[in-house]
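Please look at the sequence and the structure before reading on.

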Amino acid sequence: MARYSFFFLSNGLVIFFNDIIGDDPDMPAPVSSHGIFELNMNVAGNCDLTYMKTMRFLHLQALLTSLFLTALMISVSARAANDSFSTEELLRGFEKTVFGLEYRSWSWRPYLVKKFTQPVTFYVHNLSRRDRTRVVHRFVREIDRRIGGLETSITNDPAAANFEVFVVDRAQYVSVVQRDIYKNDRAKVPGRCLVRVVSGRKGIKRSSAVIVSDEGEFLFKRCLVEEILQGLGPMNDHQDLTHSVFNDASRHSRFTVFDQIILNMLYDPRIRPGMSMKQTKPILPLVVRDARRRVR
């Protein structure tokens with residue numbers, strides 16, 4: 001009897017790692033002691049039926065092992081990235097993104113904490129020629145998984161939403177921002193993409209983001225991530241944030257580990273809407289510690 005563990009290679013060879021612990025007439029013998037064997041074909045070119053069944057089983061086993069190793073590598077990668085930031089870097093990142101506004105005239109008292117205190121319900125207006133609805137929905141579900149203390153959902157009714165996402169082509173950008181965001185057809189429209197947040201003492205009331213779809217995948221993905229995340233509260237950009245999408249000079253277009261920690265800090269229940277930087281300072285070291293654990 002033999003005990004095998006296999007990995008399938010693109011050239012049709014199979015590498016096995018476990019020792020042979022007895023004779024098994026139904027299994028082909030290895031070609032060499034290094035554990036590599038080839039498919040043993042008969043004269044008619046057909047494999048033994050028992051052998052083929054075994055191969056199918058082993059192929060499934062190898063596939064499941066590959067999936068497990070992939071998930072493990074992602075987890076290890078996130079943990080390594082998490083550990084690469086010092087507490088001081090994360091504290092500075094929190095202060096630079098949460099306290100301030102990229103477009104200062106849009107919100108209530110920019111140097112205070114802004115966050116949702118109720119579930120965030122998204123609705124997507126896809127006005128672009130290319131339908132990006134599924135991509136936006138997928139990112140919303142990722143946010144729900146990665147940020148503790150924040151509950152998100154998706155609705156088919158725009159009246160039920162408190163976070164609207166408008167996906168547009170560049171030719172539509174100005175008119176959509178003026179009509180649906182500013183409610184003013186003479187307003188000047190800044191930026192390549194944007195988000196507007198309506199906030200008060202009890203937290204963010206509603207947010208609206210406008211994402212351009214037809215100027216390349218990088219700009220679309222970057223705008224999607226940055227504007228939606230900023231619509232949740234960390235509304236300021238800063239050139240020193242090299243690990244963050246909250247930096248117009250960076251090349252990030254995904255929800256980075258650094259930004260995941262910042263959002264988990266913001267949605268920690270100890271951080272309340274309307275708090276000043278001075279009020280958050282005594283508790284932020286503990287908040288950073290707990291946010292790191294959640295992102296792991």
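Two strands count as paired if DSSP finds at least two bridges between them, and helices (H or I, at least four residues) and strands (E, at least two) are DSSP runs numbered from the N terminus. The model is predicted, so local features need pLDDT of at least 70 and side-chain atom pairs count only at pLDDT 80 or more, whereas totals for chains, interfaces and linings use all residues. Residues are numbered from 1 along each chain as its sequence is written, and side-chain values use heavy atoms, with hydrogens and water left out.

**Strand E8 and its partners**
- Eight of the ten residues of strand E8 (residues 203-212) are buried, so E8 is largely enclosed by the rest of the structure; buried means under 20% relative accessible area, exposed over 50%, and partly exposed in between (1.4 Å probe, protein chains only).
- Strand E6 (residues 163-168) runs parallel to E8 and is joined to it by six bridges, while strand E7 (residues 194-200) runs antiparallel to E8, with seven bridges.
- E7 and E8 form a hairpin with two residues between them.
- Val210 of E8 is the bridge partner of Phe166 and also the bridge partner of Leu194.

**Helix H2**
- The buried residues of H2 are Leu90, Leu91, Gly93, Phe94, Glu95, Thr97 and Val98, and their cover, judged by contact (heavy atoms within 4.5 Å), includes helices H6 (257-266), H7 (277-280) and H8 (284-295).

**Charged side chains**
- A search of the whole structure finds 16 salt bridges, each being a side-chain nitrogen of Lys or Arg within 4 Å of a carboxyl oxygen of Asp or Glu.
- Lys281 forms a salt bridge with Glu95, the closest N and O atoms being 2.8 Å apart; Lys281 lies in the loop between H7 and H8 and Glu95 in helix H2, so the pair ties together parts that are 186 residues apart in sequence.
- Glu164 and Arg206 meet in a salt bridge at 3.0 Å, N to O, and since Glu164 lies in strand E6 and Arg206 in strand E8, the pair ties together parts that are 42 residues apart in sequence.
- Glu227, in helix H5 (residues 217-230), is buried yet has no salt bridge, and the nearest side chain of opposite charge, Arg222, is 7.4 Å away; Lys and Arg count as positive and Asp and Glu as negative, with His and the chain ends not counted.
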